[in-house]
Amino acid sequence: MRHEDDEQPGEDERADNDAGDGPHDPAGHMGAPWTIEREQAWVRQQAMAGSCPSQLLVLQRAQAGPDGAPADAQSLEICRKLAETDHAFACRVMARAHLAGRCADADTATGWAWMKKAADLGDLEAMTQWAIEHMFTEVSEGESRPMDYLYWAAVNRHPEAMVTMARMLLWRDPMAPASRAEAYGWLTLGATADHAGSLFDLWRLTGMADDVPTTEAWRNYWLRRAAELGLRAAQREWGRVQWERAQSAADRSEAEGWLHKAASGGDLEAAFVLAGILGTRQGAADASRGWMLTAARAGHQGAQRDVGRFLADGADGLCRPTEAAVWLSRAVVPSPDRDEAIGNSALEQLQQLHGTMSEAQCAEVLALLSPDIEADARAVFAGVCDLAAQMQRAGGTV
């Protein structure tokens with residue numbers, strides 16, 4: 001029979017456990033629950049004391065953080081200790097820390113020096129990144145060339161190296177069958193590793209060349225899988241493909257969903273395409289204009305032209321010529337990655353619009369286009385004004 005005053009086995013142990021600080025307490029006591037923060041601090045403490053597994057765990061967590069760099073000074077110091085023992089992975093983390101300026105001095109030269117050391121120690125990611133950054137840089141005699149690093153990383157099946165090798169082959173000689181065949185090989189290797197960029201580039205390559213093997217089913221899989229992996233350009237193109245093939249409202253809704261994902265992720269072309277699709281749907285005019293403005297403000301040339309046209313035509317019942325002229329002027333500005341035909345059509349519309357504007361409105365447009373920030377667009381509109389003035393003096397018309 002148990003009496004209240006009798007000492008029961010285990011009572012002292014339970015009392016001790018209740019007073020403990022946690023499962024990893026030196027005495028093995030149970031107590032307050034562990035948190036992520038406490039666990040991380042405990043691991044760093046073990047790492048600073050020289051525990052190799054703990055050091056490697058800190059290194060792994062540092063690489064997984066923002067910019068692939070340590071999140072605090074203590075983690076940086078642990079990574080530095082490993083890097084100084086010629087640990088390739090740690091050298092790459094140190095490179096990221098200096099290149100990002102995270103918990104370390106922002107120093108590009110020091111960052112790339114650490115990356116070069118990681119590459120020389122055999123880190124495939126470092127080889128790839130160092131090669132891409134220095135591809136067109138002269139190296140000292142006896143030093144490995146950037147292409148040597150890139151090729152070695154690709155041969156060892158680093159996905160980013162493989163897709164970069166393919167892109168360089170197609171950039172150098174896209175019309176040569178041998179270049180396309182070799183690029184196809186690299187991209188297929190990358191695709192088997194489920195690398196989004198390789199899958200998307202393989203889809204693009206097989207759409208441009210008829211001398212590499214493909215089927216519609218393969219191409220659909222490559223593009224869809226790249227979209228599923230989060231590649232914005234693939235999401236946009238898969239949405240566009242689905243829209244063109246849509247046979248039902250459900251098909252169209254799914255296509256819009258992919259375009260919305262890409263546009264929400266910052267793909268300007270997806271925002272432009274989505275705006276055009278929504279513009280055909282009753283009751284979606286506001287959403288259409290919102291996406292069009294989003295793309296235009298971020299610099300999409302076609303969107304800038306279309307916003308200018310919309311404002312000039314007064315499609316919402318209110319003609320705003322000065323704002324229209326600003327957007328059309330922006331669309332005219334040329335650059336190597338811009339469409340000359342879009343620029344020419346925007347210029348034609350701008351010239352027509354200018355003929356309806358007063359001198360005060362023209363002055364307002366020039367005031368809205370800052371000479372410091374938008375000098376090129378301002379020069380476009382000023383040129384239209386000058387041409388109109390010359391034609392008037394010569395007795396012509398605009």
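Colleague: What is the mean pLDDT of the chain?
Modeller: The mean is 89, and 90% of the residues reach 70 or more. pLDDT is the predictor's confidence in each residue, from 0 to 100. This is a predicted model, where local features need pLDDT of at least 70 and side-chain atom pairs count only at 80 or more, while totals for chains, interfaces and linings use all residues. Residues are numbered from 1 along each chain as its sequence is written, and side-chain values use heavy atoms, leaving out hydrogens and water.

Colleague: Where does pLDDT stay under 50?
Modeller: Over residues 6–29. For that stretch the model has 31 contacts (heavy atoms within 4.5 Å) beyond four places in sequence.

Colleague: Okay, new topic. Which residues touch the most other members of the largest nonpolar core?
Modeller: Leu150, Trp186, Phe200 and Leu223, out of 57 residues in that core. A nonpolar core is a set of buried Ala, Val, Leu, Ile, Met, Phe, Trp, Tyr and Cys residues joined through side-chain atoms within 4.5 Å. Buried means under 20% relative accessible area, exposed over 50%, and partly exposed in between, using a 1.4 Å probe and protein chains only.

Colleague: And which helix gives the most to this core?
Modeller: Helix H9, residues 159–172, with seven residues. Helices (H or I, at least four residues) and strands (E, at least two) are DSSP runs, numbered from the N terminus.

Colleague: What does leucine 150 contact, leaving aside its neighbours within four places?
Modeller: Its partners include Thr128, Ala131, Ala161 and Met165.

Colleague: Now charges! How many salt bridges are there?
Modeller: The count comes to 25, with a salt bridge being a side-chain nitrogen of Lys or Arg within 4 Å of a carboxyl oxygen of Asp or Glu. One of them joins lysine 116 and glutamate 143, at 3.0 Å from N to O. Lysine 116 lies in helix H6 and glutamate 143 in the loop between helices H7 and H8, so the pair ties together parts that are 27 residues apart in sequence.

Colleague: Is lysine 116 buried or exposed?
Modeller: Lysine 116 counts as buried, at 15% relative accessibility, while glutamate 143 is partly exposed at 40%.

Colleague: Which residue does aspartate 267 form a salt bridge with?
Modeller: Arginine 236, with the closest N and O atoms 3.0 Å apart. Both residues are buried. Salt bridges that share partners join Arg236, Glu237, Arg240, Asp267 and Glu269 into one network.
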